[in-house]
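Colleague: I've got a model open and I'd like to learn how to read it feature by feature. Can you walk me through it?

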Amino acid sequence: MNSDYLYDNIIVKESEVHGKGIFTSLPIKKDQRILLIEGEEIDAAECIRRENEENNVYIFWKDDNSYIDASATEKIKYINHSCNCNCYIDEDESGNLILVASKDIEAGEELTIDYGYDEIYEECSCKSCDNKLESAA
Ligand SMILES: [Zn+2]
């Protein structure tokens, strides 16, 4: 399973953004599939329980009542938030969540996504987050 996409070229290391992050050792083209997001599929209630009781911050939203707990993975769970991100989450033909490049990415760059929930914009200090908070208020 771990040979999917660019798995071997994705490296976990300390990030300037926050804690650990994931980085690519290869240049990646826009729209290229990077990683399969593997994990246990859980419903919304279980997602909330794990977040609150287990402090699990590695859960990816899939659809209305379906979430992927990626805490057992070694790479994708370390992806950081950026408002100026270079990746996004999509679904493949089989309904698996995948990480896809939203722009051309150079070797050595950190891979990031927009987490897309309000709390992150409060923690994030970039300009575009300030704008998102203002438009939501
Ligand atoms: Zn931001």
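Modeller: Let's start with strand pairing: two strands pair if DSSP finds at least two bridges between them. Strands themselves are DSSP runs of E with at least two residues, helices are runs of H or I with at least four, and both are numbered from the N terminus. Here, β5 and β6 pair in the antiparallel sense over 4 bridges. Keep in mind that this is a predicted model: local features need pLDDT of at least 70, side-chain atom pairs count only at pLDDT 80 or more, and totals for chains, interfaces and linings use all residues. Residues are numbered from 1 along each chain as its sequence is written.

Colleague: How many residues sit between β5 and β6 in their hairpin?

Modeller: The hairpin has 2 residues between the strands. For a bridge to look at, take Ile-59, whose partner in β6 is Asp-69. β6 also pairs with β4 (residues 40-42), antiparallel, through 3 bridges. There, Ile-42 has Tyr-67 of β6 as its bridge partner.

Colleague: What about β8 and β9: in which sense do they pair, and over how many bridges?

Modeller: β8 (residues 87-91) and β9 are antiparallel, with 5 bridges.

Colleague: In what order do the strands of the open sheet come?

Modeller: The order is β1-β2-β10-β7, 4 strands with mixed pairing. β1 (10-14) and β7 (80-81) are the edge strands, each pairing on one side only. β7 runs parallel to β10 (residues 110-113), and 2 bridges join them. Look for His-81 opposite Ile-113 of β10.

Colleague: Okay, zoom out for me. How many helices and strands does the protein have?

Modeller: It comes to 3 helices and 10 strands. From the N terminus, the elements run β-β-β-β-α-β-β-β-β-β-β-α-α. The C-alpha trace spans about 40 × 35 × 30 Å along its principal axes.

Colleague: How do I judge the radius of gyration?

Modeller: Take it over C-alpha atoms and compare with the globule rule, 2.2 Å times the number of residues to the power 0.38. For 137 residues a compact globule would be near 14 Å, and the protein's 15 Å agrees with that.

Colleague: And the record: which residues does the SET domain annotation cover?

Modeller: The unreviewed UniProt entry puts "domain: SET" on residues 8-116. Such annotations may be inferred rather than shown by experiment; positions are in the numbering used here, and feature names are shortened. That span is 9% helix and 39% strand, and its end C-alpha atoms lie 27 Å apart.

Colleague: Now the interior. What do you call a core?

Modeller: In general, nonpolar side chains in soluble globular proteins tend to be buried together. A residue is buried if 20 or more other C-beta atoms lie within 10 Å of its own, exposed if 12 or fewer, and partly exposed in between, with C-beta atoms placed from the backbone. A nonpolar core is a set of buried Ala, Val, Leu, Ile, Met, Phe, Trp, Tyr and Cys residues joined through C-beta atoms within 7 Å. In this protein, buried residues make up 26% of the 137. The largest nonpolar core has 22 residues, and those touching the most other members are Ile-34, Leu-35, Ile-37, Phe-60, Ile-68, Ile-76 and Leu-99. β3 (33-36), β5 (59-63), β6 (66-69) and β9 (97-101) each supply at least two of its residues.

Colleague: Which residues does Ile-34 touch?

Modeller: Two residues are in contact if their C-beta atoms, placed from the backbone, lie within 7 Å. Not counting residues up to four places away in sequence, Ile-34 touches Tyr-5, Leu-6, Ile-10, Ile-28, Cys-87, Leu-99, Val-100, Ala-101 and Leu-111. Across the protein, 63% of contacts between residues at least 6 apart join residues at least 24 apart.

Colleague: Which phi values deserve a second look?

Modeller: Most residues other than glycine have a negative phi. Asp-31 has a positive phi near 75°, and Asn-55 has one of about 55°. Asp-31 sits in the loop between β2 (20-24) and β3, Asn-55 in the loop between α1 (44-53) and β5.

Colleague: Why does Asn-55 count as exposed?

Modeller: Because Asn-55 has 7 C-beta neighbours inside 10 Å. Asp-31 is exposed too, with 11 other C-beta atoms within 10 Å.
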